[in-house]
Amino acid sequence: FYGFKGRSKNEEALHSFILDKCTDSINKLHKIHAITVEEDGTFSPNAGGHIMSRNFVDFETMKAIVKLPHDSGPVQLLNMMANCGKIQTHVRKHEKKPLNEAYKLIKYKFEGPQSKIRIQTPAEKAFVMLQAAIGQHFFQDLPLRQQMSNMIDSASQILSAMEQYAKESSGHGKVATQGMILRRSIYSSLWGENDGVLNQIGGVTQTMAAKLKDIGISTFADAVNSSNEDIMNTCNVTVSFASSLR
């Protein structure tokens, strides 16, 4: 009960246990500059503490944000989020094949021989799914789609906290800028202005958008003025999908 299961019911022992826990938590928060501890033992929240509370960010996630290098780019930010327990989910056996297929299509890859890479861990899964969401990769597995939606919500919270910390505490302008760009990519399903806009439409993957761009269809107006046959032949889709896209 309240973490005391199996412990002594002696009041002094419980008091000592709670005091140790509180002291440990205070020291951890002080170490990442989330609070200021005065000489008399009193403490008050700093910008980091307010940001944790404002964005519902747990301690381990905030610690990862604080540790980000001042020159972090999109890969470092994706790796940081993928290693947060707030985002991770277990890799089930039947998910490995679709995750490995999605990995082939994402923008940023893991280091090492690509032919030997297999998605095995929760962090690797999160790294792939965050990018798959931006690329509008469609998973047939419903639980995977639900997990991806939850990951995006959590990633947005983390990026918002990271941007605020860079502005209000660390002063790392590049981190704030990269965070805003990545958050925009998540919301728009676009990595950048050269990706076109069609993969913002549900069901249009990054690969499909690239193929359409090759035949001159890169805007909504291009799609409206195209033919069903052009879209069907280019993307290997049904006439109903081509018609709905137009």
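Colleague: Why is S189 called buried?

Modeller: S189 has 9% relative accessibility, and buried means under 20% relative accessible area, exposed over 50% and partly exposed in between, with a 1.4 Å probe and protein chains only. S189 therefore counts as buried. This is a predicted model, in which local features need pLDDT of at least 70, side-chain atom pairs count only at pLDDT 80 or more, and totals for chains, interfaces and linings use all residues. Residues are numbered from 1 along each chain as its sequence is written, and side-chain values use heavy atoms, with hydrogens and water left out.

Colleague: Is F56 buried or exposed, and why?

Modeller: F56 has 64% relative accessibility, so F56 counts as exposed. The phi of F56 is also positive, near 55 degrees.

Colleague: Why is α6 called roughly perpendicular to α7?

Modeller: The axes of α6 and helix α7 (residues 142–170) cross at roughly 85 degrees and come within 9 Å. Angles under 35 degrees count as roughly parallel, over 145 as roughly antiparallel, 65 to 115 as roughly perpendicular and the rest as oblique. α6 is therefore roughly perpendicular to α7. Axes here are lines fitted to C-alpha atoms, for helices over the stretch in contact (heavy atoms within 4.5 Å), with angles from 0 to 180 degrees between N-to-C directions. Helices are DSSP runs (H or I, at least four residues), numbered from the N terminus.

Note on methods. Helix = DSSP H or I, 4+ residues; strand = E, 2+ residues; numbered from the N terminus.
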